[in-house]
Amino acid sequence: MSVSWLNPLTWPVEPWVLLGIEVTAILYLWGSRIPSQTRRENAPSLARGGGSGWGQWNASRWRAVAFWSGLGTILVALDTPIETLARQLFWAHMTQHLLLIMVAAPLLVVGAPWLQIWRGLPLSIRRPLARTAVRHPALAGPRRAFAWSSAPVGAFVLSTANLWFWHWPAVYDLTLRNHAVHHLEHGLFLGLGILFWAQVIDQYPFHARLSQFKRVVFVFGGTIASWALAAVLAFATAPFYSYAALTWRPGGISALTDQQFGAGIMWVPGSITYSIVFIACLYLWFREEDARGRAFAAGQVEVAK
């Protein structure tokens, strides 16, 4: 990488990315102003109340850290030299995808910023918007579609199909030629990534619908779908994408080697988030089963008495 790329002033600028992040950040800050005031007013009583109050405050702080880290990850993926490299190297483009799906999306789910962002909108906009979205007869179809897509089966099917669709060579090459399609690709990766992780990560104050065991199965299925695509890319005998037409690539690697590097990134670093969430869900499932077993044993003892 050229030393000049270390200078942020030379980095590519994606205006729509910056605008989206700025608007989201402003709405988040504006929407959090009332809870922040309430927290300051209640601080003395929380201190008197013991550890639970401060524990809640700490949880709120960590959710904020996750939210801002998620926004920062989007900036790193789309507004740094990674974006320039992605036009020349498949592995760099794959890195963008993984940052959006495996880092930014789960961080935003953990941050659970949706209510704060919604409260950031003026009331004169929120009320008619909510009324129209919930009650307007013309939106009955979209409401049913949203209900299906936000359920576990719909979220899994859409996110998996989306991952494979954008790596179909004809579609992938289109994203390299058409910047608007490229933005659409990244938006879908982020949005459907959020939809996927929302099925297995609780978003305060709500809980995901799936039981802990079903969350284990859900994450395992997502891991297998990602590994299958990585295997197709890794064991191909010829490059799939138009990068092969380039006469030179950074690092001087061949198009096939570039594709294999990208597959390796999807296979190994791309499995880190899956592994963390899988192990966490497995641990919580075992804990639930252990608690259920102890409760059953205690009940049997009571009956014996």
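Colleague: What makes up the secondary structure of the protein?

Modeller: Helices: the protein has 14 of them and zero strands. Read along the sequence, that gives α-α-α-α-α-α-α-α-α-α-α-α-α-α.

Colleague: Take helix α11, residues 179-197. How do you know that its span agrees with what a helix should give?

Modeller: The rule is 1.5 Å times one less than the number of residues. For the 19 residues of α11 that should come to 27 Å, and the end C-alpha atoms are 27 Å apart, so the span agrees.

Colleague: And what does the side chain of Asn-178 reach at the start of α11?

Modeller: A side-chain oxygen of Asn-178 comes to within 3.0 Å of the backbone nitrogen of Ala-180. The cut-off for a polar contact is 3.5 Å between N or O atoms, so a pair within 3.0 Å meets that distance.

Colleague: Which residues of α11 are called buried, and why?

Modeller: Buried means under 20% relative accessible area, so that is the test a residue has to pass. In α11 the buried ones include Val-181, His-182, Glu-185, His-186, Phe-189 and Trp-197. Across the protein, buried residues make up 38% of the 305 residues.

Colleague: How confident is the predictor, on average?

Modeller: The average pLDDT is 86, and 86% of the residues score at least 70. Over residues 36-55, though, the pLDDT is below 50, and beyond near neighbours in sequence this stretch has six contacts in the model.

Colleague: Why go carefully where pLDDT is low?

Modeller: Because predicted coordinates should not be read in detail there.

Methods
Residues numbered from 1 in each chain as written. Predicted model: local features only at pLDDT ≥ 70, side-chain atom pairs only at ≥ 80, totals over all residues. Heavy atoms only, no water. Helix = DSSP H or I, 4+ residues; strand = E, 2+ residues; numbered from the N terminus. Buried < 20%, exposed > 50% of the residue type's maximum accessible area, 1.4 Å probe, protein only. Polar contact = N/O pair within 3.5 Å; in protein donor to acceptor, adjacent residues only side chain to side chain. pLDDT = per-residue confidence, 0-100. Contact = heavy atoms within 4.5 Å.
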